[in-house]
Amino acid sequence: MKENNRQVLTKLKEKITSVDFERLLYNGKARIACSVVLFVLTFAAVLFATSFLPHITASPVSENLPEEYETVTQTTTQPETQEETSSEAATEAETLNKSKFKRDKTVKAAVATGDDRVDEDSGGNRVVDSSTNGNNSDVVISAATIGTAKADKSLLTDYTYAVSGGLQGPVRINNDIFLFGNSSERIIGHATIGGFRYYFNNYGAKASRTGIDVSKHQGTIDWAQVKAAGVDYAIIRIAYRGYGSDGKMRIDPQFEANINGARANGIDVGVYFFSQAVNVDEAVEEASLVLNTLNGRKLQYPVYIDMEYANAKRSGRADRISKRVRTDCAVAFCETVRNSGYKAGIYASKAFYDDELTFSRISGYNIWVAHYTKSVTDFSHCYKMWQYSEKGKISGIKYKVDLDISFYDYAKGNDMSKAGSNVIFVSDSLELAKYTGAEALVNAYSENPTDDNYNSAFSAVNSLSDQRVVSALNKKLAAIKEKAESTTVEETTEKQTNEPLTEATEQTII
């Protein structure tokens, strides 16, 4: 049967190739004949397919090839593109099953030698893009002088009163820091003090944390001096993958010294891994190395995957992978970290997020963006940390260092939006007296709940300008009044119960 099939195919081929269609189509007299020939040949081909196709498909090509190549053999797409598409389809399915990304406890790596060329370490040569080429001048950090202001604790509420008149610059009140302008007005929003960027919330309180990120490229660090300069946290490079074809992973030679030094000086820590993963398996391997190296050590800040180009020529092993594969790698790394109980995050420049990652798939992780600009970054997505310079100069660090600002307090687990909400600012001592006087009248009513005392306290409370205090003191007044009225009713009832029975009452009872 197979021999007959080949003979039929050969004869059909000979008949088709023997027809000069060009001559027939352009010969007006032969057009009808051409149509007839085409019809006959088409009919013969259909008849052949119908009769013999089952015998051809009975021995599929996939039986003779590995499973991973099945899709490739069934398409006309170029092999390079098809291999990538097939891989991406697989990794997309893996991404949906996030629970499968588990730490491999066998993953290990040697400590880097410190020779960038030998170690294939590109961490000291950041690739400039459209979001990291602006406002890149040196930033000299000087420790800010923070003043203190007298605060009077409210006797009846959770608030604290502070006189703002005459205050300038950064001032600590209770446990919060406020920034005042030349006219003693509270500054709200972004501000720079001593080289560091800060953010002050709607209450005027500092709602950001000051950070740096370091690696072996900063040399040996004096962490006590770094703490004294005003640094709250540090993101430390724990390891990286080389940019060469082998993609060997190595531990940062300064990691242990950096994490121990930072923690010993009261600086919160997180870590990052410079990735050159080209697929999901390598991303899981990178996360596993981080987890194995940490070995259960507590971190306040997340474990970040650092995603950027290895060099300006974009010749690193992962520099030209597709956007989808790169996003798959980010998800795989973060889920592996999460599944081991750590917070997970992603670091990239503003342009890299826009061009090389699908943000909708990674928005649920802790986002750290690099953008060097004189103003505030215009990064359009939600983020919790911003790297605003790579040229910071800080006491205790020999070489230039990246500067960061965090809008989330990872140690306490809040966004600091309520910081300073318990401080009530008054312009001067006279206004302060109004608040303390209103509280005194509320106390007087509590001790002697007469209508006159209530009216005096109510009037004084509702003349205050800060509605938070007005609301709190009115609640106190209402509670005192309710208690007083309840006491009056009880006393009246008890008095009636204890009154002696009159003769008329006795006769009625009889």
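1. The largest pocket. The model under discussion is a predicted one. Its largest pocket holds about 630 Å³ of space. The lining comprises 26 residues, and those closest to the pocket centre are Arg172, Asn175, Ile177, Lys206 and Ser208. Three strands, β6 (169–173), β7 (176–180) and β10 (209–214), each contribute at least two residues to this lining. In terms of residue class, the lining consists of 11 nonpolar, six polar and nine charged residues.

2. The cavities. Across the whole structure, two cavities of 30 Å³ or more are found. The second largest cavity has a volume of about 70 Å³. Among the residues lining this second largest cavity are Ser275, Gln276 and Ala277, together with Asp306, Met307 and Glu308. Ala318, Asp319, Ile321, Arg326 and Phe352 also belong to the lining of that cavity. By class, its lining divides into five nonpolar, two polar and four charged residues.

3. The sheet that includes β6 and β7. Two of the strands that supply the pocket lining, β6 and β7, also belong to an open sheet of three strands, in the order β3-β6-β7 and with mixed pairing. The strands β3 (147–148) and β7 are at the edges with a single partner strand each, so one side of each has no neighbour in the sheet. Between β6 and β7 the pairing is antiparallel and runs over five bridges. Within this pairing, Pro170 has Leu179 in β7 as its bridge partner.

4. Is strand β16 (residues 366–370) mostly covered or mostly uncovered? The strand is mostly covered, since five of its five residues are buried. In a regular strand, side chains alternate between the two faces of the sheet. Here both faces of β16 are covered: Asn366, Trp368 and Ala370 are buried on one side, and Ile367 and Val369 are buried on the other.

5. The partners of β16. Strand β15 (residues 344–349) runs parallel to β16 and is joined to it by five bridges. In this pairing, Ala348 has Val369 of β16 as its bridge partner. Strand β17 (residues 385–393) also pairs with β16 in the parallel sense, over three bridges. There, the bridge partner of Ala370 is Gln387 in β17.

6. The unit around helix α11. Together, β15, helix α11 (residues 350–356) and β16 form a right-handed β-α-β unit. Ala351 and Thr132 are 219 residues apart in sequence, yet their C-alpha atoms are 8.5 Å apart in space.

7. An aromatic pair across the chain. The whole structure contains 20 aromatic pairs. One of them is the edge-to-face pair of Tyr199 and Phe407, with 6.1 Å from centre to centre and 80° between the planes. This pair links distant parts of the chain, as the two residues are 208 residues apart. Tyr199 lies in strand β9 (residues 196–200), whereas Phe407 lies in the loop between β18 (401–406) and β19 (423–426). Why is Phe407 classed as buried? Its relative accessible area is 18%, and the limit for buried is under 20%. Tyr199, with a relative accessible area of 25%, is partly exposed.

8. Tyr454 and Phe458 form a stacked pair, with 5.9 Å from centre to centre and 25° between the planes. Both residues lie in helix α13 (residues 451–461), where they are four residues apart, about one turn of the helix. Tyr454 has 18% relative accessibility and so counts as buried. Phe458, at 38% relative accessibility, counts as partly exposed.

9. The aromatic cluster. Which residues are linked into a cluster by ring pairs? The cluster consists of Tyr199, Tyr353, Phe359, Phe379, Tyr383 and Phe407. Tyr199 and Phe407 are thus members of this cluster as well as partners in the edge-to-face pair described above.

Notes: Residues are numbered from 1 along each chain as its sequence is written. Side-chain values use heavy atoms; hydrogens and water are left out. On a 1 Å grid over the protein atoms alone, a cavity is a set of points where a 1.4 Å probe fits but cannot get out, and a pocket is an open set with protein on both sides within 12 Å along at least five of seven lines; lining residues have an atom within 4 Å of a point. Grid points are joined across faces, edges and corners, and a volume is the space filled by probe spheres set on the points. Ala, Val, Leu, Ile, Met, Phe, Trp, Tyr, Cys and Pro count as nonpolar, Asp, Glu, Lys and Arg as charged, and the others, Gly among them, as polar. Buried means under 20% relative accessible area, exposed over 50%, partly exposed in between (1.4 Å probe, protein chains only). Two strands pair if DSSP finds at least two bridges between them. A crossover is right-handed if, with the strands pointing away from the viewer, the path from the first strand over the helix to the second runs clockwise. Rings of Phe, Tyr and Trp (its six-membered ring) pair if their centres lie within 6.5 Å; planes under 30 degrees apart count as stacked, over 60 as edge-to-face and the rest as tilted.
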